[in-house]
Amino acid sequence: MMMAKNSVDQTSKHQRENRIDKISKLPDELIEQILCFLPTKDAVATSILSKRWYPFWTKLPVLRLQDSIHCETRRQTMIKFKQFVSRVLRRNKAVSLHKFHLNCRPIYERRCFNTWVCSAINKGVQEIEISISTTPKHHNFLRLPCQIFKAEKLKFLKLSGRILIDFPGESSSVCFPSLKTLHLFYVNIANEESFGKLFSGCLVLETLILETDDQEKTLNFKIWSSTLKSLSINFRYSEHKLEINAPALEYLNLEEYYHQVSFIGNLSNLIEAKINFNHGIRLNHLIRVLYNVKFLSLASYWYSEQVPHGYAYPLFLNLVQLEILVGLPGWDVLSHLLTLSDNLAILVVEVS
């Protein structure tokens, strides 16, 4: 009986060793790629496995840094996180950084926070994601270092949470010669001038996602761009104004509740549009702008607009799929849309 148990133990041990051997036989480049998908804290922890594994975390071109909820209430935990981030950035030997993701709370000194971000920029980082969480005790907004708005190699920028976008004075400038994608999620945009500087400094921008629920002020967002191809806007219940002039636009996702929306010029390159509208868009005008789309989704619960007598709509010759969710008062206009779509292949209708 004892011999059988020993045999099973030996077999189990041999199987474990084989699994370990399979991992250890992987080439260094593949191991580094695998570690890039892990939080940096976990990647660093693999350094204790063996001498071979120790240097891997210092070569990673992707850094994913996130503090703990305890950093706000335990000073020693916060200090350890600061030391950890500083050590990771100082010891990083990658020729350049591909991604720098930082998720933390607004409890760190501005000098410390700026040092982290600037270290990534100095490594020629191509993608930055910064998320500042809201905490019960800290309601302040963090300003980003001015260097981030002049990062020459940055292609992707995502900012979320308690971040202040503010460029006071003429001396403040923005220049993103390589930025293709910009995501702004519930950040604090100080004023129209600051957004204008940020957007106009994106010289080759192709994708913009903007979401905000700021109801303390009303801003006029001017989205004027000759390079923009994808635009998603969600102002929720904020009463902002929106002007869109983007002739190269191919995808439009617009969540409109109370703000005013106007289109300047045409959207002849538009392929897909998803519009949730209520009060701020004249549907008659909207239909004239969207005439070239192939895929169209329109949703409205409370909208009511009569078709003007003798009003001529353009033909929707490219439209192949139409989704409509509309309250009964808005059906008059949308029913005309069906008569203009000769090539329509898919129709989804939901009446509320």
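This is a predicted model: local features need pLDDT of at least 70, side-chain atom pairs count only at pLDDT 80 or more; totals for chains, interfaces and linings use all residues.
## Overall composition

The protein chain has 352 residues, of which 44% count as buried. Its secondary structure consists of eight helices and 18 strands. Where contacts in the chain join residues at least 6 apart in sequence, 58% of them link residues at least 24 apart.

## Packing of helices α4 and α5

Two packed helices are described by the angle between their axes and by the distance between those axes. Helix α4 spans residues 75–91 and helix α5 spans residues 110–122; they pack at an angle of about 25°, and their axes lie 10 Å apart. Because angles under 35 degrees count as roughly parallel, α4 is described as roughly parallel to α5. The crossing of the two helices is left-handed.

On the α4 side, the contact involves Phe81, Lys82, Val85, Ser86 and Leu89, which meet Cys112, Trp116 and Ser119 of α5.

In soluble globular proteins, nonpolar side chains tend to be buried together. In this model, the largest nonpolar core contains 85 residues, and Phe113, Ile130, Leu290 and Leu296 have the most contacts inside it. Helix α5 supplies the largest share of this core, with six residues.

The surroundings of Leu296 can be listed in detail. When residues up to four places away in sequence are not counted, Leu296 touches Ala273, Leu290, Phe316, Leu319, Gln321, Leu322, Glu323 and Leu337.

## Buried residues in strands

Ser160 is located in strand β5, which covers residues 156–161. With a relative accessibility of 13%, Ser160 counts as buried, because the cut-off for burial is under 20% relative accessible area. Apart from neighbours within four places in sequence, Ser160 is in contact with Ile130, Ser131, Ile132, Phe185 and Val187. One of these partners, Ile130, is also among the residues with the most contacts inside the largest nonpolar core.

Asn245 is placed in strand β12. Asn245 is buried as well, its relative accessible area being 18%. Residues up to four places away in sequence being left out, Asn245 touches Ile223, Trp224, Ser225 and Ile264.

## Residues in loops

Glu239 belongs to the loop between β11 (230–234) and β12 (241–245). Its relative accessible area is 52%, and Glu239 is therefore exposed, since the exposed class begins over 50%. Glu239 and Gln215 are separated by 24 residues in sequence, while their C-alpha atoms are 7.0 Å apart in space.

Leu315 lies in the loop between β16 (295–300) and β17 (321–326). With a relative accessible area of 46%, Leu315 is partly exposed. Leu315 is in contact with Tyr291 and Leu340, its neighbours within four places in sequence being set aside. Between Leu315 and Asn292, which are 23 residues apart along the chain, the C-alpha separation is 8.6 Å.

Conventions. Residues are numbered from 1 along each chain as its sequence is written. Side-chain values use heavy atoms; hydrogens and water are left out. Axes are lines fitted to C-alpha atoms, for helices over the stretch in contact, and angles run from 0 to 180 degrees between N-to-C directions. Helices (H or I, at least four residues) and strands (E, at least two) are DSSP runs, numbered from the N terminus. Angles under 35 degrees count as roughly parallel, over 145 as roughly antiparallel, 65 to 115 as roughly perpendicular and the rest as oblique. A crossing is left-handed if the near helix is turned anticlockwise from the far one by less than a right angle, and right-handed if clockwise. Contact means heavy atoms within 4.5 Å. A nonpolar core is a set of buried Ala, Val, Leu, Ile, Met, Phe, Trp, Tyr and Cys residues joined through side-chain atoms within 4.5 Å. Buried means under 20% relative accessible area, exposed over 50%, partly exposed in between (1.4 Å probe, protein chains only).
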